[in-house]
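This report covers backbone geometry and a chain contact. Please look over the entry below before reading on.

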Amino acid sequence: MNKYLNLSIQEIHELLLEKKITPLDLVKEAYQRIEEKEKLNSFITLNQSEAISYAKQLGEEEVEKENLLWGIPIAIKDNISTKGIRTTCASKMLENYVPIYDATVIEKIKEKKMIIIGKTNMDEFAMGSTSRTSYFGAPKNPMNEAKITGGSSGGSAACVSGGLVPLALGSDTGGSIRQPASYTGIVGMKPTYGRVSRYGLIAFASSLDQIGPMTRTVYENALLLNCLVGKDSKDLTSRDSSIEDFTRLIGKEIKGMKVAIPNYFVSEIVSSEIIEKLHQVVDILRQNEVEVDYIDMQYLDQAVTLYQIIAMGEASSNLARFDGVKFGYRSPKADSVEEMYLNSRSEGFGREVKRRIMVGSYLLSGENAKIYYDKALMIRNAMKQEFDKVFEKYDFVLGPVTTTTAYGLEENLDDSRKSFMDDVLVIPVNMAGLPGLSIPMGKGKDDMPIGLHIIGNKLEEAKMYQLASFLENKIK
Amino acid sequence: MSKLTKEEVLHVSHLARIGVTEEEIENYQITLKQLLDDVDKIKDIPINHGELLVTPVEHGAILRNDSDSEMIAFEEVKKNIPATVGNFVEVPVMVNE
């Protein structure tokens, strides 16, 4: 078998330019690898015949010299709408749903002439932290197939980590890009809220959701983010920030930067081996004249409660659209419209999704909206202000991504709270709308990857990649 | 272990328009209670006034230009509709006899 997909994007691009390989070689290799590693269950739907025919068509065209992403295979999380390619959200509810339009990020990927290999497995409607709530079964961690991939973008993480494709898109509502990236040893970025259009992303919690890149290296992550960002008239929350090259600071000096580590991120909730790895990173930073302070930040320990209220509330509203009328699953057992709603939703949604919709509906009903939702939004504001204060003095907030390494596929199955607690360290970033990046910082005693979380101020992704790339080289 | 009553589960499932079976009710009595106990912790946080952060977006709503844009053909839309009659969506009876 060829091993072109083991090469960096720049190396692949050189080979394409020199006509030593064609996009078809890359696509065939990707499908061969997917077949060999079928057990990973990282894909729900493959786009094989279309991808092969598009790769052949590209092979007839001139390689775009300045476009490093030209002809590169990419995998897409299955909650991002792809015209003509089934998009299930890993749910029975959308098992046969084929979008009739592309999400804005998909249009951008197509403009760059990347090749969509397939749609990746995930937690149902992105609700979970293990990808085990998928209607299509859980994906497996390529680092150890008996372990979870994390979630909800578990399939995207697994296919990059397992070397099936070099690039993937995920989405992150409360850590769903960064946490699986950490568990599988890859790089995952949740950009600033509004950087990337959410048009065509099937909504979970609209004020938290953000699409982002999942890749093997920091450079490739920045490269992919370059093509995703920009204002979109179809997403009123997208930012009017100018397009920039996120790779531009990679390789530049980090001396003089200031980093804060909240004491909560190194408290007893985090395993000692992970804290030890973080301290090794701190040593590297200090040796390179980066100032590192341990600080107190209020409200971080309330993040899970806030998330439960805000995310479940928004989810119950967003998922009200799945009623069996215009698209999605409709129960055949219904003699009235009311029965159609009840039965379609009961049979179409899985257990975790139903639980969250029910709690969310309760939290938003009558007086509860004031007691729970409004109060959560008040504390959310206070949390954002805490971050604002920290960023007046520091360039970054650092911490671990997770409290442990990836656990066994059969562990914690009946614990309805566990999936929330898995994201305790990453949720604050979504609350404040900040960018968060996960990069590998070593392995635990179980030989499973450990992720470093770099939190930047809003719109400072380029600076985050600068620090991340420096550490990526030092930690190797 | 504290549990929700059966009536409370039925109330919540009605709000969510999600049908529940007798077996499921038992499970929800426990798991929903756990989640509701968790969110109840918010009452202990000593913040009782201040601005609400509904979204991290700092700019106000920027609306699209009021102009024609691409239309999606009904034939396309129809492909995902579970049941249709001509150009209509077919649903079970909506009014009581």
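## Leu459(A)

Leu459(A) sits in the loop between β11 (449-456) and α15 (461-475) of chain A. Helices (H or I, at least four residues) and strands (E, at least two) are DSSP runs, numbered from the N terminus. Leu459(A) is not a glycine, yet its phi is positive, about 65 degrees. It counts as partly exposed because it has 18 C-beta neighbours inside 10 Å. The cut-offs are 20 or more other C-beta atoms within 10 Å for buried, 12 or fewer for exposed, and partly exposed in between, with C-beta atoms placed from the backbone.

## Basis of the model

This is a predicted model: local features need pLDDT of at least 70, side-chain atom pairs count only at pLDDT 80 or more, and totals for chains, interfaces and linings use all residues. Residues are numbered from 1 along each chain as its sequence is written, while chains are lettered from A and ligands numbered from 1 in the order in which they are written.

## Other backbone features

Tyr299(A) also has a positive phi without being a glycine, at about 75 degrees. Its loop runs between β8 (291-295) and α9 of chain A. Tyr299(A) counts as buried because 21 C-beta neighbours lie inside 10 Å.

The peptide bond from Gly151(A) to Ser152(A) is cis, with omega near 15 degrees. Ser152(A) belongs to the loop between β3 (115-120) and α5 (154-161) of chain A.

## Contact between chains A and B

Chain A gives 54 residues to the contact and chain B gives 42 residues. Two residues are in contact if their C-beta atoms, placed from the backbone, lie within 7 Å. On the side of chain A that touches chain B, the largest share, 11 residues, comes from α12(A).
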